Amino acid sequence: MARKKKTHPLRTFLFELLVYAGLVVAYVFFVIGLLGVWLHRIYQHHKNWYALTALVLIVTQGVVLEFITSLLLRLVRSRSD
Amino acid sequence: MDFLISQTHIDPIYLVITGFVIGIFGGFFGVGGSFLAGPALFAVGVPMNFVVGTDLAHIVGKSIVAAKKHRALGNVDLKLGTIMVIGTIVGVEVGAQGIESLKHLGAANVDRVIGITFVVVLISISAFVAWESWQTIKMQRDRKREAEMSGIGVKKLEAKEDESAFDHVARKVHRINIPPMIKLRASGVERVSLWAILLVAFVGGIFSGFLGGGAGYIRMPSMVYLLGVPTHVAVGTDLFEVVISASYGTLTHAIKGNVDIMIALVMHTGAAIGAQIGAASTEYFHGPKIRLAFVPLPLIGAAIVIYGLLSGHHVK
């Protein structure tokens with residue numbers, strides 16, 4: 001039977017954190033960078049739409065990032081067990 | 001990175017790290033963390049009106065992450081949270097109207113009055129929670145020592161099984177017999193008056209409306225000591241309530257043009273992972289220890305307000 005390689009939980013966690021940091025950097029520079037100009041335009045001309053869009057964006061990001069971070073933390077646990 | 005809406009230039013790494021730290025606090029203690037996020041944004045040149053609105057937007061995203069995690073851990077009492085939202089919103093309006101009335105009456109130094117009230121409340125909460133949690137930990141240690149000396153085994157409490165040296169107050173609140181009486185299954189409360197819950201939420205709301213922020217620093221301990229809700233459930237339920245009340249606040253502030261959603265989105269990328277870590281960490285601590293760790297938080301808030309009062313810079 002092959003011996004299961006033991007992984008240090010802190011090292012695994014730091015690795016997953018690094019993966020998350022990479023995803024965040026890509027997200028900040030590409031997605032948010034592109035949204036910036038468009039959001040600024042509706043902020044200047046349509047405050048009600050801006051308010052609704054702002055709430056939808058933060059709620060959506062909350063749900064999506066919750067999914068990603070849960071997945072990463074689950075991976076950390078399963079790798080360190 | 002340029003943030004066009006608030007006309008500011010901020011390093012996104014600073015925002016991500018700030019969000020991460022506040023996320024850990026929020027996930028662990030069930031507070032919005034506006035007393036930390038506010039000064040952190042103000043310090044890098046975000047105008048005050050944007051500080052308040054942007055902070056609320058970031059709190060919505062972070063609290064969704066932490067509340068979902070707590071829900072998965074069985075720490076959210078949806079029934080209690082929904083009732084509390086009603087009391088809180090009414091309280092927030094009353095608190096905000098109170099400030100407006102003071103201004104209309106021409107009360108001198110309104111800011112100073114609010115600041116000093118804030119400091120007194122925060123220090124009192126901190127001192128009380130420190131005393132209570134220390135008494136509870138001491139009580140548990142003494143009981144364990146006595147059991148060891150007499151040779152009788154003592155039942156080891158699970159992390160979520162909570163007790164408090166102040167339990168008798170919650171029992172008195174439970175005995176208030178004003179219908180309708182309700183049962184909070186998720187909190188393990190057999191019978192409590194609906195009006196008691198609404199009153200606790202209303203008082204928290206007044207603080208929120210009068211002093212700003214989400215007032216989690218008063219609502220979380222109130223749920224534990226007055227309603228007898230276990231600490232873990234109080235943390236999770238408070239976060240659930242924060243999602244709704246902060247969403248309402250975000251909408252109203254954004255309509256007034258006080259939200260830079262770009263800053264909130266960047267900050268939230270750090271807060272999301274911090275909130276997960278904070279929420280997951282509650283699994284490893286007993287209620288009194290979580291409460292004892294909570295003690296420095298209101299003191300940090302008080303120190304920030306004192307600094308603002310002395311320097312003339314109103315940080316929050």
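Analyst: Happy to. A residue is buried if 20 or more other C-beta atoms lie within 10 Å of its own, exposed if 12 or fewer, and partly exposed in between, with C-beta atoms placed from the backbone. This is a predicted model, in which local features need pLDDT of at least 70 and side-chain atom pairs count only at pLDDT 80 or more, while totals for chains, interfaces and linings use all residues. Residues are numbered from 1 along each chain as its sequence is written, and chains are lettered from A and ligands numbered from 1 in the order in which they are written.

User: Thanks! Why is Leu73(B) called partly exposed?

Analyst: Leu73(B) has 17 C-beta neighbours inside 10 Å. Leu73(B) sits in the loop between α3 and α4 (78-104) of chain B; helices here are DSSP runs of H or I with at least four residues, and strands are runs of E with at least two, numbered from the N terminus.

User: What makes the span of helix α3 of chain B close to the expected one?

Analyst: The expected span is 1.5 Å times one less than the number of residues. Helix α3(B), residues 48-72, has 25 residues and reaches 36 Å from its first C-alpha to its last, against an expected 36 Å. The helix is also mostly covered, with 21 of its 25 residues buried. After α3(B) comes Gly74(B), with a positive phi near 80°.

User: How do you know that β3 and β4 of chain B are paired?

Analyst: Two strands pair if DSSP finds at least two bridges between them. Strand β3(B) (residues 181-184) and strand β4(B) (residues 189-193) are joined by 3 bridges, so they meet that condition, and they run antiparallel. Met181(B) stands opposite Ser193(B) in β4(B). The hairpin has 4 residues between the strands, and Gly188(B) in it takes a positive phi near 75°.

User: What makes the peptide bond from Pro179(B) to Pro180(B) cis?

Analyst: The omega of that bond is near 0°. Pro180(B) belongs to the loop between α6 (167-175) and β3 of chain B.

User: What makes a set of residues a nonpolar core, and which members of the largest one touch the most others?

Analyst: A nonpolar core is a set of buried Ala, Val, Leu, Ile, Met, Phe, Trp, Tyr and Cys residues joined through C-beta atoms within 7 Å. The largest core holds 99 residues, and Ala54(A), Ile58(A), Ile261(B), Met262(B) and Ile263(B) touch the most other members. Helix α10 (residues 261-281) of chain B gives this core its largest share, 12 residues.

User: How do you know which residues Ala54(A) touches?

Analyst: Two residues are in contact if their C-beta atoms, placed from the backbone, lie within 7 Å. Leaving out residues up to four places away in sequence, Ala54(A) touches Ala57(B), Thr250(B), Ala254(B), Val259(B) and Ile261(B).

User: How many residues does each chain bring to the contact?

Analyst: Chain A brings 26 residues and chain B brings 28. On the side of chain A that touches chain B, the largest share, 17 residues, comes from α2(A).
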